[in-house]
Amino acid sequence: MMKYLLLFALLAVVWWSWKKRSAIPPPEAKVRRDPAPEKMLVCAHCGVHMPESDSVVDGQAVYCSPAHRDAARAARS
């Protein structure tokens, strides 16, 4: 009699855990988008390539830093 009671209890635990697992919906796959590629520019003073967001624009010329912009201005004067 005792072995049937233990077997019933074991089956009840297995059934309960299976129901609990199947009741929880699986997490949705997170769609991770990579940021759009950024345009690369060339410094007019030294030739270094840098992203457009890091560049310093002076008229038509693009520089990698304010120091190179100022150096190019001094060279033109």
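Reply: A salt bridge is a side-chain nitrogen of Lys or Arg within 4 Å of a carboxyl oxygen of Asp or Glu. The model here is predicted, so local features need pLDDT of at least 70 and side-chain atom pairs count only at pLDDT 80 or more, while totals for chains, interfaces and linings use all residues. Residues are numbered from 1 along each chain as its sequence is written, and side-chain values use heavy atoms, with hydrogens and water left out.

Me: How many salt bridges does the structure hold?

Reply: There are three salt bridges. In one of them D58 pairs with R73, with the closest N and O atoms 3.1 Å apart. This pair links distant parts of the chain, 15 residues apart, since D58 belongs to strand β3 (residues 56-58) and R73 to helix α2 (residues 66-76); helices (H or I, at least four residues) and strands (E, at least two) are DSSP runs, numbered from the N terminus.

Me: Which residue's side chain meets that of R76 in a salt bridge?

Reply: The partner of R76 is D58, at 3.5 Å from N to O. R76 lies in helix α2 and D58 in strand β3, so this pair ties together parts that are 18 residues apart in sequence.

Me: Is R76 buried or exposed?

Reply: Buried means under 20% relative accessible area, exposed over 50%, and partly exposed in between (1.4 Å probe, protein chains only). R76 counts as exposed because its relative accessibility is 57%, whereas R73, at 38%, counts as partly exposed.
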